[in-house]
Amino acid sequence: MTPTADLVRDVVAAAVLKAADDGGWPEAARAAPVEIERPKERAHGDYACTIAMRLSRTLRRPPAEIAKAIAASVRTDGLVATAEATAGFVNLRLSPAWLGRQVDAIVREGDAFGRTDALRGRRVQVEYVSANPTGPMTVANARGGPIGDVLANVLAFSGADVSREYYVNDTGTQVEVFGRTLAVRYRELFGETGLEIPEGGYVADYVIDLAKRIRDEDGDRWRPLPIEDQAPLFAKKAIGWLVEQHRATTERFGIHFDAWYAETGLVASGEFADALEALRSSGHVEERDGAIWLRSRDLGEDIDSVLVRSNGIPTYFGVDVAYHREAIVKRGFDQKIDIWGANTHGHMRRMRTAMAALGLSEKWDVVIYQFVRFLHEGVLVKMGKRTGQFLLLDDVIDAVGVDAARWFFLQSSADRQLDFDFELAVQQSNENPVFYVQYAHARIASILRTAAERGLDAEGADVSLLVDDAELDLVKKLLELPELVAEIRGTKAVHRLTGYALELAGLFHGFYRDVRVVGEDVERSRARLRLVQAAQVTLRQVLGLVGVSAPESM
RNA sequence: GCCCCCGUAGCUCAGUGGAUAGAGCACUGGCCUCCGGAGCCAGAGGCAGGCGUUCGAGUCGCCUCGGGGGUACCA
């Protein structure tokens, strides 16, 4: 279904051309883009166009006069019922008959409602969560989960062939430190004392549990090995377990990844060497102090970036360049979208230069989300796996449920920092707005059950009987879904969906208050029932995109 | 120092350069003979500050103040 705003825009654009013909306006006026917006004030109609104010200067006429000419040229025999000029705005009202027909269209489309083929044929990879596999999943890593998942849903909804990917950072310094910590803990289990957790090591208790698991499974067979040999061995084992745990937690959170891509393979497979070669041929690579650098300064950065350290080991940055290149060039994704935390800001800038050097800038996009902090006993705590100061995603799901937890992460803009007060979240979980929306759906299901019991059938209902404000306002809100999906495709502001769901639920509750659906007038009841079905379809589509259940009762 | 994000109601947050800035929670007062009261209605309460750009600024630019993040041969 084409977004209503687009249809309205076309109608107004045609009116502008007609007014231009009639008034002998210059070519510049005909070429001006027509933008449509939704007024906040209902007295100003359903849609408004501000082009008259923009044209005022070119035409050297007062906006009101231009608006009047345009309004008079708007066709009012179909989609638009009235067009009037007020204070330089062209205010448009949709035709009730047209709106009624959309109710039927929405019900017929069912789970296709809101979908488009705007991105058909495009292969898009969305990479998200990708939490370090050196510890359990916390609410900090988790924020990217719902954001990436819902963005992937929106892209798939728009016809794209979407692959959801989790990048497993299973190499590097952090893994070495993690392994050494494990080795220390393992040795301690056998009574060794005086061992020290390495600098910047993982002091958290879960590492002891992992060490115990190694002991329980393998006993003392690794005891003869020196720490240097134990560390990589233990790290590999533990990361395997932790990745499984991340998989279980994300699945539980309603997130299914199509691919778990391990960083380790990139160097061994020669992928890294290929990427380095590609960067070399871009002419922005040089060797200095025994290391290999990307001359980021050539590409607008303040400092250069190391791709390979002087010890011959590639940096995380270098490997990540190879990873991105592999996804786009080798696996053939038309677009790769990363959902990253705010702490990767510096990395993102370096990546930008590398992608530019490779000529891949157009195919790569990043959504940065701000951090989640949590309050412990009323005090803000910065989360860190190493320190053991963290709040587990699993604990949050246990306490408030999947729906409320997802909603929490999706209700605010990614640009905004989140504070999570666990006690407050549990205490307020019954008041989570998600239930307000779900309640609307349950209420709809109940109405439909009642109607069925009374033998009322909405099929073939006369939708032209829908004329009340409460009815038409609801229809208009339903029709916003395709517009919203199109918008999110551009802005990636997935949190708008939860806001829309709340508005939709609120309007439905108002509709329920104002009109009786199952009543004495059978034809009117049938028409209203049709509208209730359309509301259910729409609510299901939104909740589906957000990844929250649509209960029949609660 | 430099770079990025944020500052909107008591609290948690929406708000596409447009016309009188919205929800939820909390607070006050109402509403079940009747399709679900996890609901509805009413009341009270706000754009951190300043200067610009614009016909028009919560929204764009600059500055100040405040919060967070980044600025490694870490990941």
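Two residues are taken to be in contact if their C-beta atoms, placed from the backbone, lie within 7 Å. By this criterion, among the contacts in chain A between residues at least 6 apart in sequence, 74% join residues at least 24 apart. The structure described here is a predicted model. Its scores are an ipTM of 0.93 and a pTM of 0.95. For chain A the average pLDDT is 92, and 98% of the residues score at least 70.

Chain A consists of 554 residues, of which 42% count as buried. Its secondary structure comprises 22 helices and 15 strands. Taken along the principal axes, the C-alpha atoms of chain A fill a box of roughly 90 × 60 × 40 Å.

One is an open sheet of 4 strands, arranged in the order 1-2-4-3 with antiparallel pairing. Strand 1 (36-37) and strand 3 (80-86) stand at its edges; each has a single partner strand, and therefore one side of each is left without a neighbour in the sheet. The antiparallel pairing of strand 1 with strand 2 (residues 47-49) extends over 2 bridges. Within this pairing, E37 has A48 of strand 2 as its bridge partner.

Another open sheet is built from 3 antiparallel strands in the order 8-9-10. Strand 8 (285-288) and strand 10 (305-308) are the edge strands, each pairing on one side only. On average, neighbouring strands of this sheet are turned by 40 degrees against each other, direction ignored. Strand 8 is joined to strand 9 (residues 291-294) by 4 bridges in the antiparallel sense, and E286 stands opposite W293 of strand 9.

The surroundings of the RNA were examined next. RNA strand B is surrounded by 72 residues, the closest being G172, D289, G346, S412 and S446. By class, this surface near RNA strand B contains 31 polar, 25 nonpolar and 16 charged residues. Several helices and strands each supply at least two of its residues, among them helix 3 (51-59), helix 8 (173-189), helix 14 (345-357) and helix 21 (496-514), as well as strand 4 (89-94) and strand 15 (418-421). Helix 18 provides the largest share of the surface near RNA strand B, namely 10 residues.

Two individual residues illustrate how the surroundings of a position are described. R185 is located in helix 8. Because 23 C-beta neighbours lie inside 10 Å, and a residue is buried if 20 or more do so, R185 counts as buried. When residues up to four places away in sequence are not counted, R185 touches V207, I208 and A211. R185 and M351, by comparison, are separated by 166 residues in sequence and by 37 Å in space, C-alpha to C-alpha.

T50 is found in the loop between strand 2 and helix 3. T50 has 16 C-beta neighbours inside 10 Å and so counts as partly exposed, a class that lies between exposed, with 12 or fewer neighbours, and buried, with 20 or more. With neighbours within four places in sequence left aside, T50 is in contact with E35 and F89. The separation of T50 from I339 is 289 residues in sequence and 36 Å in space, C-alpha to C-alpha.

Definitions and conventions
Residues are numbered from 1 along each chain as its sequence is written. Chains are lettered from A and ligands numbered from 1 in the order in which they are written. This is a predicted model: local features need pLDDT of at least 70, side-chain atom pairs count only at pLDDT 80 or more; totals for chains, interfaces and linings use all residues. Two strands pair if DSSP finds at least two bridges between them. A residue is near a molecule or strand if its C-beta atom, placed from the backbone, lies within 6 Å of it. Ala, Val, Leu, Ile, Met, Phe, Trp, Tyr, Cys and Pro count as nonpolar, Asp, Glu, Lys and Arg as charged, and the others, Gly among them, as polar. pLDDT is the predictor's confidence in each residue, from 0 to 100. Axes are lines fitted to C-alpha atoms, for helices over the stretch in contact, and angles run from 0 to 180 degrees between N-to-C directions.
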